[in-house]
Amino acid sequence: MAGRRGKFWLFVAILVVLHFTLHLTLGLGRSAPDLLTVAALLGARRVPGAGAALLGAVLGLLNDVLSLTSFGASAVALTVACYLGSRTRDLFEGDSLLFGALYLFLGKWLHDTLYFLLGLSRGGTDDAVNVLLTNAPIAAAYAAGAGLLALILFRSAGGER
Amino acid sequence: MLDFDVTRRERQRDAALAGGVLALAFFLWLMPPDWQGVVRANMRATALRPFLATQEAIGARRALGVDVVQLRAQRDSLGAVAAAQGTLAEENARLRATLGLRSRLAEEYIPADVIQVGLDPAESTFLVNVGAADGVREGSIVLTPEGLLGEIWEVDEHRAQAIDWTHPEFRASAMTADGEVYGLVEVRRGRYREEDVLALTGASFHSDIGPGRRVVTSGRGVYPRGILLGTVLGIDEADTGWRKSYLLLPAVRPEAVRTVLVRVGQDQSDLSDVWNVSAPPDTASNPDTAGGG
């Protein structure tokens, strides 16, 4: 059991490292999926609410390191998304891939929505309809797809169904 | 009943702890910018250091790899040679343009490589591989051979982070190259960053700037006079008899920039001659061919 748990958190750590490698080291920007949010949301389902909030805050803060005008916004957004993600265990106990994809899609969309709203309060000028109804769902679908693929690889590597 | 109470108490405790974490995150978000800068600098120097260092190393290797690519191309086929030489010629032209620009500027500017940042929260910003040790400071302007790219906002010892003109907080006091119309240049964001353009706002309502006219910094703000910002595309909006705004085609596309010049001095002298902005547009579009030495 402890070994399986260790493997899962190693998988989460690999997603985080991969995220920064793609976005920061290779500078791919939006052409690479948001694996940091995927890692945070997947991890949030395995810990209590407070632990999930802490995980979201730490990973969000890492994402904010190079943010000059909205430092902390990603931390706040990911804290809320991860806490709510942790509480979804009260409603859905299952671990199916379909649920996983839907969970990642909605979690990423929620994160982007909260991040946008926090940016608006700091004088953001982007068009809300464009961001929330066009860019955010596309980014959420991309992240969910990438997360699903990562989950399949992780489960097949661990011999799970 | 006992189990239910224990579970409820645990949940309340869990929710309270989560609330505390959220409050901490909000505190970080609301902290004064100076304090945030300290946290950012420390995290850049620790948690993100391997990623940033690797990116710099990759950039350096890419530069070294040009020769290898050329050699392989020569060996393989004439077509590949042509392609490699085309890339090399482009690289050469870009470096020559940067060097040429530097020769026309005072020794107050130092060359730097641009490190693009692909993180969403760092949108419209970029890193340069020069820092406080090289004389760079907050507010240093960043130039390319084509014109103004942006301004340094945060400085580490050997690295600095800058905003480019697509950043919502970018502003530059500007004028038409002939000095007839003054205003403020800011970004007009598109759906994607590639669609962003500049706008000259606050121009007087009776002004009539035709398409193709060049707009430069006026020297009234942090930027020295005469740095090329863009060329007028047309009217953006007219504000009920008071003011007009004009859309500008930016002189510099941030996503294409690889090398820049960063100002390390305090010189605010007129840079109009560097871009030869007082000459007719057809002879001044390229500073190298315009003979602006």
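Reply: Chain A has six helices and zero strands. Helices (H or I, at least four residues) and strands (E, at least two) are DSSP runs, numbered from the N terminus. Read from the N terminus, the order in chain A is α-α-α-α-α-α.

This is a predicted model: local features need pLDDT of at least 70, side-chain atom pairs count only at pLDDT 80 or more, and totals for chains, interfaces and linings use all residues. Residues are numbered from 1 along each chain as its sequence is written, while chains are lettered from A and ligands numbered from 1 in the order in which they are written.

The C-alpha trace of chain A spans about 50 × 35 × 25 Å along its principal axes. A compact globule of 161 residues would have a radius of gyration near 15 Å, and chain A agrees, at 15 Å. That radius is taken over C-alpha atoms, and the globule rule is 2.2 Å times the number of residues to the power 0.38. Of the 161 residues of chain A, 45% count as buried. Buried means 20 or more other C-beta atoms within 10 Å of a residue's own; exposed means 12 or fewer, partly exposed lies in between, and C-beta atoms are placed from the backbone.

Take helix 5 (residues 97–120) of chain A. Its 24 residues should span 34 Å at 1.5 Å a residue, and its end C-alpha atoms are 34 Å apart, which agrees. The expected span is 1.5 Å times one less than the number of residues. Buried residues of helix 5 of chain A include A:Tyr103, A:Leu104, A:Phe105 and A:Tyr115. A:Lys108, A:His111 and A:Asp112 are also among them. Their cover includes helix 2 (35–44), helix 4 and helix 6 (128–157) of chain A.

Now the contact between the chains. It takes 40 residues from chain A and 37 residues from chain B. Two residues are in contact if their C-beta atoms, placed from the backbone, lie within 7 Å. On the side of chain A that touches chain B, helix 1 (2–25), helix 3 (49–63) and helix 4 (73–87) of chain A each give two or more residues. Helix 3 of chain A gives the most, with nine residues.

A closed barrel of six strands in chain B runs 1-2-5-4-3-12, with antiparallel pairing. Strands pair if DSSP finds at least two bridges between them. Strand 5 of chain B is mostly covered, with five of its five residues buried. B:Ala160, B:Ala162 and B:Asp164 lie on one side, B:Gln161 and B:Ile163 on the other. In a regular strand the side chains alternate between the two faces of the sheet.

Strand 5 of chain B has two partners here. Four bridges join strand 2 (residues 125–128) of chain B to strand 5, antiparallel. Within that pairing, B:Phe126 has B:Ala162 as its bridge partner. Five bridges join strand 4 (residues 147–155) of chain B to strand 5, again antiparallel. Here B:Ile152 stands opposite B:Ala162. A hairpin of four residues links strand 4 to strand 5 of chain B.

One loop deserves a note. B:Ser124 is in the loop between strand 1 and strand 2 of chain B. Its phi is near 65°, a positive value in a residue other than glycine. Most residues other than glycine have a negative phi. B:Ser124 counts as buried because it has 22 C-beta neighbours inside 10 Å.
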